[in-house]
Amino acid sequence: MTIHPLETPITQLPGIGPKRTDAFGRLGIFTFKDLLEHYPRAYEDRTTFKKIIELSHDETVCIKATVVAPMQTNLIRKNMRISSLRVSDGTGFLELIWFNNRFLDARFKKGETYVFYGKVRLTPKKQMVTPIFELLDNQKQTGRIVPLYSLTEGLTESLVSDCVQQVLSLCGQLEDPLPSIIRSNHRLCEINYALANIHFPTGKKEYEIARRRLAFEELLTFQIALFSLKKRQASCSAPSMHTSPEPFLQSLPFTPTGAQNRVIKEIAADLASGIAMNRLVCGDVGSGKTAVAASAIYTTVTSGYQTAFMAPTEILAAQHYESLQKMFRNHNIEIELLSGSLSASRRREVLEKLRSGKTQVVVGTHALLSDDVHFHCLGLAITDEQHRFGVNQRRTLSEKGENTHVLVMSATPIPRTLAFILYGDLDVSIIDELPPGRQKIDTFAVGENYRQRIYDFLAKELSSGRQAYIVCPLVEESEVLELESVTEYAQKIQKSFPDTPIGILHGKMKPAEKEAVMSAFKQGDLRILVATSVIEVGVDVPNATFMLIENAERYGLSQLHQLRGRVGRGTEKSYCILLSQSNHETAVNRLNVMKKQSDGFAIAEEDLKQRGPGEFFGTKQHGLPGFKLAGMFTDMELLKETTQVARDYLENRIPITEEEKKTLNKKINTLFNNHVTIS
Ligand code: ADP
Ligand code: MG
């Protein structure tokens with residue numbers, strides 16, 4: 001048998017035609033390697049076998065049984081066809097049920113023995129409903145621990161697991177990226193065992209051994225890459241910019257806080273140093289990061305360089321654009337917004353002005369990363385709300401210039417341990433002070449029985465001229481559902497506030513629609529804004545003093561903190577009501593943290609402790625960017641080990657052969673699509 005390299009495209013597998021190739025592509029799977037790294041999202045233990053006589057209600061088990069009579073079918077309603085099959089294992093009889101499945105009619109022959117896996121019910125009859133089945137002695141889906149994969153339309157669990165199985169055998173014995181001395185020092189299994197057991201574990205222990213090894217490799221390679229990146233950056237030259245931001249700071253309508261001033265100075269020193277800045281500015285919502293960024297922009301532009309400012313959403317980009325225009329009103333600086341909704345001709349115009357250098361500052365979403373965006377002389381690349389972008393993206397943006405300064409801003413106060421991992425390549429500045437005059441947002445965690453009182457209170461706020469956000473109940477991830485539920489919910493609320501203009505905002509609206517709603521809310525034409533958690537980031541309406549969050553128990557604390565940060569932006573007292581549909585004690589306790597804490601960093605630590613970092617970044621982003629297996633909370637111990645190994649490795653303190661070093665470096669270099677290369 002020929003051994004296939006890991007780079008082999010999956011189209012080489014039998015049965016993978018254009019349609020399935022497409023489907024795999026949507027999951028980011030193109031090669032054998034991608035498929036092997038498409039780790040199961042969960043497992044189902046199908047190893048328990050029982051005799052029919054032992055079955056109890058509601059348990060999910062395997063049975064080994066023989067077909068005793070042909071399939072019976074009954075049409076019970078127009079669209080409901082029930083097929084039932086009688087089987088026996090000598091200890092009793094069992095009826096197997098399927099619904100609307102014509103394909104099965106001719107499938108079973110009397111006397112054949114199968115393994116059936118499914119959920120048992122004993123009333124009204126001893127039955128197993130829609131069991132999975134396989135001929136005895138040819139089992140792939142039963143009698144073992146079965147991997148469950150993330151799928152997409154056109155793929156099934158068994159297809160994916162079949163493909164993985166084939167790739168494992170087609171690739172033969174793989175070369176281990178981890179040198180054997182590291183493996184033996186850290187009790188790590190070898191790669192072939194790890195891959196086989198992460199996909200098809202023979203038991204829980206075997207799975208844990210495999211997972212630990214792969215997580216170790218993930219953390220180690222990531223850390224080596226970041227550490228070496230930091231080392232390299234320390235000697236990477238960049239334009240030295242000396243103009244003082246003082247004239248700009250003088251023109252602000254407020255005096256910067258002490259923390260803002262400190263960070264502004266740190267950045268100014270970086271910009272003047274002649275070495276490329278790579279700095280993360282971490283600051284709680286409302287701590288005034290925009291002004292800090294603007295000060296860096298001022299220095300860059302007045303030194304003759306351009307700035308690119310990247311935000312994660314259209315709304316935020318538009319808002320940054322607006323605030324920058326305001327701040328620079330008297331400074332004669334050309335700013336453009338490169339939004340997804342520009343007409344083709346307008347877009348061409350903006351691109352041309354960027355290329356010629358006429359535009360000094362461009363604000364946009366990841367649209368800034370497109371190939372057709374060119375700069376005259378990019379000096380500073382800023383990304384806001386960094387945790388939504390990966391390391392690759394922050395590099396792609398800065399690579400649009402030569403030796404660009406990089407400034408990253410995060411509104412998610414990040415626990416130190418996490419910052420260390422995710423931003424190991426950056427220096428960190430923290431804005432740990434809020435502008436004066438901000439009041440603590442009074443926060444209440446209550447149950448459904450408070451609803452009327454909440455509405456009464458909201459009515460009072462509205463009548464004194466204030467505005468309100470209501471964060472709509474969470475729906476499953478579906479465009480149709482999201483639209484329906486926000487609309488429906490807003491209608492329901494409208495009944496309680498018949499004369500109040502209410503707007504809705506959700507993720508599936510076109511950018512122009514969103515902007516129209518946001519600006520109407522900003523101007524006060526809309527008084528209540530019913531929104532999904534898209535308002536989470538950055539939206540700034542100082543007159544909004546009331547926020548109601550429905551289903552609060554379903555959000556992470558950090559996310560609640562972010563949401564809450566939309567109010568309390570002006571000088572009026574603000575309120576945040578966390579309405580929980582769950583009376584579970586843990587849910588209530590968790591929400592009570594929000595009542596007591598207003599420091600985002602403390603909340604983040606608490607969040608990390610309670611939920612683990614997979615959820616820390618919101619439900620959409622499972623796990624940490626770049627990590628498939630390693631969990632920051634579950635693998636804290638492992639992380640300590642890998643940090644030390646990464647250091648030792650880069651300092652050549654681990655005795656390994658040139659060959660081993662080459663293999664490991666190859667793995668590290670693919671990690672960031674070769675943006676980072678070490679040799
Ligand atoms: P964030 O850090 O969440 O991005 P922003 O930069 O949007 O915060 O600032 C929030 C609000 O606070 C803005 O309206 C801004 O004008 C205002 N602001 C920023 N710095 C100060 C300050 N030193 N004094 C008073 N208001 C400030
Ligand atoms: Mg901001």
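I take a residue as buried when its relative accessible area is under 20%, and I keep that cut-off in mind throughout, since the model I am looking at is a predicted one.

**Strand S14**

I began with strand S14, which covers residues 405–410, and found it mostly covered, with six of its six residues buried. In a regular strand the side chains alternate between the two faces of the sheet, and I therefore looked at each side in turn. On one side I find His405, Leu407 and Met409, on the other Val406, Val408 and Ser410, and all of these are buried, which leaves both faces of S14 covered.

I then asked myself which strands are joined to S14 by five bridges. Strand S9, residues 278–283, runs parallel to S14 and is joined to it by five bridges; within this pairing I noted Arg279, whose bridge partner in S14 is Leu407. Strand S13, residues 378–384, is likewise parallel to S14 and joined to it by five bridges, and here I noted Leu380, whose bridge partner in S14 is His405.

**The six-stranded sheet**

Next I traced an open sheet of six strands, which I read in the order S16-S21-S20-S17-S19-S18, with parallel pairing. At its edges I find strand S16 (442–447) and strand S18 (502–505), each of which pairs on one side only. Direction ignored, neighbouring strands of this sheet are turned against each other by 20 degrees on average.

Inside that order I followed one pairing at the level of residues: strand S17 (residues 467–471) and strand S19 (residues 528–531) run parallel and are joined by four bridges. Val471 has Ala531 as its bridge partner in S19.

**Cysteines**

I looked for disulfides, with sulfur atoms within 2.5 Å as the cut-off, and the count came to zero. I also checked two cysteines for burial: Cys163 counts as buried because its relative accessibility is 2%, and Cys171 counts as buried because its relative accessibility is also 2%.

**Cavity**

Rolling a probe the size of a water molecule over the atoms shows where empty space is left. How many cavities of 30 Å³ or more are there? I count one, and the largest cavity holds about 40 Å³ of space. Its lining consists of Lys140, Gln141, Arg144, Ser161, Asp162, Gln165 and Phe200. Sorted by class, I have three charged, three polar and one nonpolar residue in that lining.

How values were computed
Residues numbered from 1 in each chain as written. Chains lettered and ligands numbered in written order. Predicted model: local features only at pLDDT ≥ 70, side-chain atom pairs only at ≥ 80, totals over all residues. Heavy atoms only, no water. Buried < 20%, exposed > 50% of the residue type's maximum accessible area, 1.4 Å probe, protein only. 1 Å grid on protein atoms, 1.4 Å probe; cavity = no way out; pocket = protein on both sides within 12 Å on 5 of 7 lines; lining within 4 Å. Points joined across faces, edges and corners; volume = space filled by probe spheres on them. Nonpolar A, V, L, I, M, F, W, Y, C, P; charged D, E, K, R; others polar. Pairing = 2+ DSSP bridges. Helix = DSSP H or I, 4+ residues; strand = E, 2+ residues; numbered from the N terminus. Axes fitted to C-alpha atoms, helices over the stretch in contact; angles between N-to-C directions.
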